[in-house]
Amino acid sequence: MLIVAGHIQIRPERRDEAVAVAVKMMRATAQESGCRTYRFTGDLENPNLFHLFEEWEDAAALAAHFKAPHMTEFNA
């Protein structure tokens with residue numbers, strides 16, 4: 001199993017948009033083969049900081065995730 005953890009700083013004026021995009025990304029990614037967990041969470045002290053936590057079955061599943069259409073859309 002692979003674990004990925006990180007954080008993303010959000011522009012305050014685009015927070016609502018960022019929440020919508022993150023929810024869409026979580027739902028799409030949860031359907032991927034090999035995805036055990038994929039969650040964005042909000043920081044308790046900084047409303048413009050999102051934390052990301054992922055669990056993947058193996059490196060092949062994570063590599064496939066990076067090529068998924070919703071990942072390309074998210075990165076845009």
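A residue is called buried when its relative accessible area is under 20%, exposed when it is over 50%, and partly exposed in between. By that rule, buried residues make up 30% of the 76 residues in the chain shown above, which is a predicted model.

**Overall build**

The chain contains three helices and three strands, and from the N terminus on these elements follow one another in the order β-α-β-β-α-α. Along its principal axes the C-alpha trace spans about 35 × 25 × 15 Å. A compact globule with 76 residues would have a radius of gyration near 11 Å, and the value of 13 Å for the chain agrees with this.

In soluble globular proteins, nonpolar side chains tend to be buried together. The largest nonpolar core of this model has 15 residues, and Met25, Tyr38, Phe40, Phe50 and Trp56 are the members that touch the most other members. At least two residues of this core come from each of helix 1 (15-30), strand 2 (35-42), strand 3 (49-56) and helix 2 (59-66), and helix 1 gives the most, with four residues. When its neighbours within four places in sequence are left aside, Tyr38 is in contact with Met25, Met26, Thr29, Leu52, Phe53, Glu54, Trp56 and His65.

**The surface**

The chain exposes about 5,200 Å², of which carbon and sulfur atoms supply 56%. Met1, Ile3 and Phe53 form a nonpolar patch on the surface, and together they have about 300 Å² of accessible area. Ile3, which is found in strand 1 (residues 2-9), has a relative accessible area of 52% and therefore counts as exposed, since the cut-off is over 50%.

**Salt bridges**

Side chains of opposite charge can pair when their charged atoms come close.

| Glu17 | Arg14 | 2.9 Å |

Glu57 is partly exposed, with a relative accessible area of 37%, and Arg36 is partly exposed at 45%. Glu17 counts as partly exposed at 42% relative accessibility, as does Arg14 at 36%.

How values were computed
Residues are numbered from 1 along each chain as its sequence is written. This is a predicted model: local features need pLDDT of at least 70, side-chain atom pairs count only at pLDDT 80 or more; totals for chains, interfaces and linings use all residues. Side-chain values use heavy atoms; hydrogens and water are left out. Patches are made of residues with over 30% relative accessible area and no salt bridge: like charges are joined within 9 Å, nonpolar side chains (Val, Leu, Ile, Met, Phe, Trp, Tyr) within 5 Å. Accessible areas come from the Shrake-Rupley method with a 1.4 Å probe; for residues, only the protein chains shown count as cover. A salt bridge is a side-chain nitrogen of Lys or Arg within 4 Å of a carboxyl oxygen of Asp or Glu. Buried means under 20% relative accessible area, exposed over 50%, partly exposed in between (1.4 Å probe, protein chains only). The radius of gyration is taken over C-alpha atoms; the globule rule is 2.2 Å times the number of residues to the power 0.38. A nonpolar core is a set of buried Ala, Val, Leu, Ile, Met, Phe, Trp, Tyr and Cys residues joined through side-chain atoms within 4.5 Å. Contact means heavy atoms within 4.5 Å.
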